[in-house]
Amino acid sequence: VGGYHIFWGAWLPILFPSLGIMFGRAGALVASALNGSPTSPWRVLKERGIRILPPVWLLGAIAVPIMLMVGWTHSQTSGSSLTWRTMLFWVLPISDPPASTFGADWVGPVWFVRTYLWFLLVSPAFLWLFRHWPKRVLVIPFLVVLSSALGIFSLDGRSGDVILSVSIFGGCWMLGFAHHDEKIRSLPLAKVLSGGLSLMALGLLWAFTHQDPETSWDISNIPLADTLYSLGAVLVLLRLHPALSWMAKRVVLSRLVTVLGSSAITIYLWLNFAIFAEKAFLQSLFLA
């Protein structure tokens, strides 16, 4: 994810569909936590929600004053209006918090936390549904994205953004459920590879034949392509599930991976702001 924001290469999400993998891993972890607390699912959701909110609050505490000092402006294509109502989304980001045109790139990554929070809210019900009707439930988010791509209905505005992002990665989240229940490892490898690679190929085909006007074939900006490619990639990776026991022998590498994994959301949220701060610092050095 970081490489994509730094180098902005359309090939990076294809080489490593990190967002789908992150949501798939998170789905498995949430399923495990819910299993460990079957009589109190809301306690699990509360604990996990509180864990990811402080980085958002800190970002808002720094970014909002800066945007106000620069001058809060917005347009139809960049930024949003600042009101007391929208400011509440900086407290509980179930929708995108407000940002000015100047700081829109800083606030953009909050969509990940927004989507994660909605997955937390629906996970108790969807985990039960998935275990009873796995195929039917798994296809629901895909059908939503497909219907939107075909123009059957439009997903616009704040509610549309939420539904679309949850639908794009909903299949990955539920594959995490299946991985936790050990349903994927038992599937024939040849069939999983064939199905997963076919989904990835269909995603690429859709991206190249339905290119975004601004970013061309970048699957990150083409919902149906992103859905298909991420779903296929996560399915294959969860089936292969390579052993990482060798990493334990390399203490430094193991510790680095642990730190990065536990801080992944914080790093993702602050990356755009850090890039901006670095550029401003370097410019000040050259102008001094």
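Good morning. I begin with helix α3, whose buried residues are S18, L19, G20, F23, G24, A26, G27, A28, V30, A31 and L34. Buried here means under 20% relative accessible area, exposed means over 50%, and partly exposed lies in between, with a 1.4 Å probe and protein chains only. Helices (H or I, at least four residues) and strands (E, at least two) are DSSP runs, numbered from the N terminus.

Before going further, a word on provenance. This is a predicted model, in which local features need pLDDT of at least 70 and side-chain atom pairs count only at pLDDT 80 or more, while totals for chains, interfaces and linings use all residues. Residues are numbered from 1 along each chain as its sequence is written, and side-chain values use heavy atoms, with hydrogens and water left out.

Helix α3 covers residues 18-36, which is 19 residues. From its first C-alpha to its last, α3 reaches 27 Å, close to the 27 Å expected at 1.5 Å a residue; the expected span is 1.5 Å times one less than the number of residues.

Now the overall architecture. The protein has 13 helices and 0 strands. Of its 288 residues, 41% are buried. The accessible surface comes to about 16100 Å², and 68% of that belongs to carbon and sulfur atoms. These areas come from the Shrake-Rupley method with a 1.4 Å probe, and for residues only the protein chains shown count as cover. Among contacts with a separation of 6 or more, 72% are accounted for by residues 24 or more positions apart, where contact means heavy atoms within 4.5 Å.

What lies in the interior? The largest nonpolar core has 66 residues, and F23, M67 and W173 touch the most other members. The largest share of this core, 11 residues, comes from α9. A nonpolar core is a set of buried Ala, Val, Leu, Ile, Met, Phe, Trp, Tyr and Cys residues joined through side-chain atoms within 4.5 Å. In soluble globular proteins, nonpolar side chains tend to be buried together.

F23 brings us back to α3, where F23 is among the buried residues. Not counting residues up to four places away in sequence, F23 touches W111, F112, T115, Y116, F119, F169, C172 and W173.

H179 is found in helix α9, residues 157-180, and counts as buried at 18% relative accessibility. Leaving aside neighbours within four places in sequence, H179 is in contact with A28, I184, L238 and H241.

I turn to charged pairs. How many salt bridges does a search of the whole structure find? The search finds 3, a salt bridge being a side-chain nitrogen of Lys or Arg within 4 Å of a carboxyl oxygen of Asp or Glu.

One joins E47 and R43, at 2.9 Å from N to O. These residues are 4 apart in helix α4 (residues 41-70), so they are separated by about one helical turn. An α-helix has 3.6 residues a turn, so residues three or four places apart point the same way. Both partners are partly exposed, E47 at 41% and R43 at 42%.

Another joins D96 and R114, at 2.8 Å from N to O. D96 lies in the loop between α5 and α6 and R114 in helix α7 (residues 110-132), so this pair ties together parts that are 18 residues apart in sequence. D96 is partly exposed at 27% relative accessibility, whereas R114 is buried at 4%.

R131 and D181 also form a salt bridge, their closest N and O atoms being 2.9 Å apart. Since R131 lies in helix α7 and D181 in the loop between α9 and α10, the pair ties together parts that are 50 residues apart in sequence. R131 is partly exposed at 38%, and D181 is partly exposed at 22%.

Finally, the surface. W57, L88, V91 and L92 make a nonpolar patch of about 390 Å². Patches consist of residues with over 30% relative accessible area and no salt bridge; like charges are joined within 9 Å, and nonpolar side chains (Val, Leu, Ile, Met, Phe, Trp, Tyr) within 5 Å. L92 sits in the loop between α5 (84-87) and α6 (104-107) and is partly exposed, at 44%.

One further loop residue is S220, between α10 (189-209) and α11 (223-240). S220 is partly exposed at 32% relative accessibility. S220 and L12 are 208 residues apart in sequence, yet 9.7 Å apart in space, C-alpha to C-alpha.
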